[in-house]
Amino acid sequence: MFRKEFVTRFSAIALGFCALSAHAAPLQATQYGDFDRYVLALSWQTGFCQSMHDRNRNEPDECRLQKESDNKTDFLTVHGLWPGLPKSISSRGVDERRWMRFGCATRPIPNMPEAKASRKCAAAETGLSLESAAKLSSVMPGAGGNSCLERYEYAKHGVCFGFDPDAYFGTMVRLNQSVKASPLGGFLADNYGKTVTRRDVDKAIAKSWGQDSVKAVKLTCQGNPAYLTEMQISLKAATINAPLSSASFAPQPHPGNCGKQFVIDKVGY
């Protein structure tokens with residue numbers, strides 16, 4: 001009887017916990033909230049690692065220990081989520097270039113401690129919960145360990161907005177999962193290790209969220225022949241807590257440096 005009652009209570013608690021987890025707090029800025037867009041930066045992890053190798057950079061553990069995966073969309077990983085330039089900051093003479101370079105360290109405001117890309121682990125702990133940290137590490141290979149990408153991203157792009165860390169990183173996880181599950185994610189997986197055209201990538205984007213979303217996606221490539229390293233997706237700030245749809249996307253002025261064709265890079269150098 002005791003065992004049956006214990007199992008029943010444990011199951012009820014577990015279901016309640018799952019329900020709470022499924023309804024995470026929305027992402028909301030408590031200060032400098034007068035910006036109109038975010039940029040969701042997603043790495044093509046194998047391409048990122050290839051670029052580190054080609055440029056003779058110190059390979060982080062997540063590249064040095066990289067392994068094949070049966071699910072090729074696993075290689076579409078989270079780099080960050082970057083709020084656009086708030087009006088309250090641009091009114092103080094800050095332009096887009098300075099904002100993207102310094103983020104929360106921008107002077108005269110927010111003027112917070114600068115996060116150095118070369119010293120990511122020197123940035124403060126994020127305060128991320130253990131549950132959220134586990135979810136993040138599954139889609140952001142540079143989180144934790146000796147890389148500390150999440151510390152750097154929060155220090156540069158999150159802390160000055162007063163974002164709840166779980167909501168901030170949880171939004172990245174959710175958006176990453178949505179892109180992976182889209183026709184765009186399927187296209188990348190189906191063409192793993194192959195040469196693709198920008199035109200066909202754009203078709204996959206349009207199939208995912210409509211033709212207007214194509215202008216919201218910036219693609220970055222490295223190497224010769226070129227291979228994909230990152231995509232940056234511009235999203236309307238007002239829709240950030242809603243599921244991705246045709247209404248989510250905001251056009252950006254540059255499509256990126258990937259030419260007419262490039263490789264969806266695979267594991268290995």
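**Salt bridges in close-up**

**View 1. R64 forms a salt bridge with D61, their closest N and O atoms lying 3.0 Å apart.** A salt bridge is defined here as a side-chain nitrogen of Lys or Arg within 4 Å of a carboxyl oxygen of Asp or Glu. By this rule the predicted model contains 7 salt bridges. R64 and D61 are 3 residues apart in helix α3 (residues 61-64) and are therefore separated by about one helical turn. Helices (H or I, at least four residues) are DSSP runs, numbered from the N terminus. R64 is exposed at a relative accessible area of 53%, whereas D61 is partly exposed at 28%. Buried denotes under 20% relative accessible area, exposed over 50%, and partly exposed in between (1.4 Å probe, protein chains only).

**View 2. A salt bridge joins the side chains of E114 and K116, with an N to O distance of 3.8 Å.** E114 is partly exposed, with 42% relative accessibility. K116 is likewise partly exposed, its relative accessibility being 41%.

**View 3. E125 and R151 meet through their side chains in a salt bridge of 2.9 Å, N to O.** This pair links distant parts of the chain, 26 residues apart. E125 lies in the loop between α5 (96-102) and α6 (130-137), and R151 in helix α7 (residues 149-157). E125 is exposed at 60% relative accessibility, while R151 is buried at a relative accessible area of 17%.

**Notes to all views.** Residues are numbered from 1 along each chain as its sequence is written, and side-chain values use heavy atoms, with hydrogens and water left out. As the model is predicted, local features need pLDDT of at least 70 and side-chain atom pairs count only at pLDDT 80 or more, while totals for chains, interfaces and linings use all residues.

Notes:
Helix = DSSP H or I, 4+ residues; strand = E, 2+ residues; numbered from the N terminus.
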